[in-house]
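Take a walk through this structure.

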Amino acid sequence: MMLDQVVLVAAVTVLGMMEQAYFSLKVIYARRKHSVSPPATTGPPEFERVFRAQANCSEYFPIFIFSLWVAGVFFSQALAALFGILYLYGRYLYFHGYAESAQGRLEPLYFSAKMQWALIAQSGLGVVCSLTHAYLGLDLMHSVTHLLGLTEHT
C-alpha cells in the first residue's frame, strides 16, 4: 500500500488525537477551577459535565479510529476522511454543548452518531466487497461505486 492511499485517513487520525488531548486538558482546567483533585470524579455539576463529556468521547474514540481506518482502506479514503472530519466536528460540538448543559449534548450526539454509523457502514461494505472479490471472484465494489456515482482509482 502506498502512503498516498491512506494519508487523508492518517491526517484525520492526527486531528482526532489532538481533539482527545484538548478534551483531556479541558478536564484538567475544570479540576483546577472547581477544586476537584484526582482521583475524585464527582464535584459541582459544571465539573461533572466536562468530565463526563471527555470520558464519553474517549469511550467512543477506539470505535471511531477502527471504523475510520477500515473504511479508508477497504472502501474510500476520501469518504472516510470526510465522514471522519464531520464526526470530529460533531464531537467538538458535543463536548462544548455538554459542558454548558446536559441537554446541549443531544443534537451534536445524534449528529456524530450518524457520522459514526456511516463509517461503520463503509467499513462493513468495503470488507464484504473485498471478501467476495477475493473468495468468490465477484467485483461488488465496482457495482457499489457505480451505484454511488463514485469513481475508483487503482
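What follows goes from a cavity to a pocket, then to aromatic rings and one histidine.

This is a predicted model, where local features need pLDDT of at least 70, side-chain atom pairs count only at pLDDT 80 or more, and totals for chains, interfaces and linings use all residues. Residues are numbered from 1 along each chain as its sequence is written, and side-chain values use heavy atoms, with hydrogens and water left out.

On a 1 Å grid over the protein atoms alone, a cavity is a set of points where a 1.4 Å probe fits but cannot get out. A pocket is an open set with protein on both sides within 12 Å along at least five of seven lines. Lining residues have an atom within 4 Å of a point. Grid points are joined across faces, edges and corners, and a volume is the space filled by probe spheres set on the points.

The structure holds 1 cavity of 30 Å³ or more. The largest cavity has a volume of about 30 Å³. Its lining consists of Glu-19, Gln-20, Phe-23, Cys-57, Phe-61, Tyr-87, Leu-88 and Arg-91. Helices α1 (7–34), α2 (45–74) and α3 (77–100) each give two or more residues to this lining; helices are DSSP runs (H or I, at least four residues), numbered from the N terminus.

Now the second largest pocket. About 180 Å³ of space lies there. Its lining includes Lys-26, Tyr-29, Glu-46 and Glu-100. Helix α1 gives the most, with 5 residues.

Next come the rings. The structure holds 8 aromatic pairs. Rings of Phe, Tyr and Trp (its six-membered ring) pair if their centres lie within 6.5 Å; planes under 30 degrees apart count as stacked, over 60 as edge-to-face and the rest as tilted. Tyr-22 and Phe-23 make a tilted pair, 5.9 Å centre to centre with 55 degrees between the planes. Phe-23 and Phe-95 are stacked, at 4.4 Å and 10 degrees. This second pair links distant parts of the chain, from helix α1 to helix α3, 72 residues apart. Both Phe-23 and Phe-95 are buried (under 20% relative accessible area; exposed is over 50%, partly exposed in between, with a 1.4 Å probe and protein chains only). Tyr-22 is partly exposed, at 28%.

Finish at His-133, in helix α4 (residues 106–136). His-133 is partly exposed, at 46%. Beyond its neighbours within four places in sequence, His-133 is in contact with Leu-138 and Asp-139 (heavy atoms within 4.5 Å).
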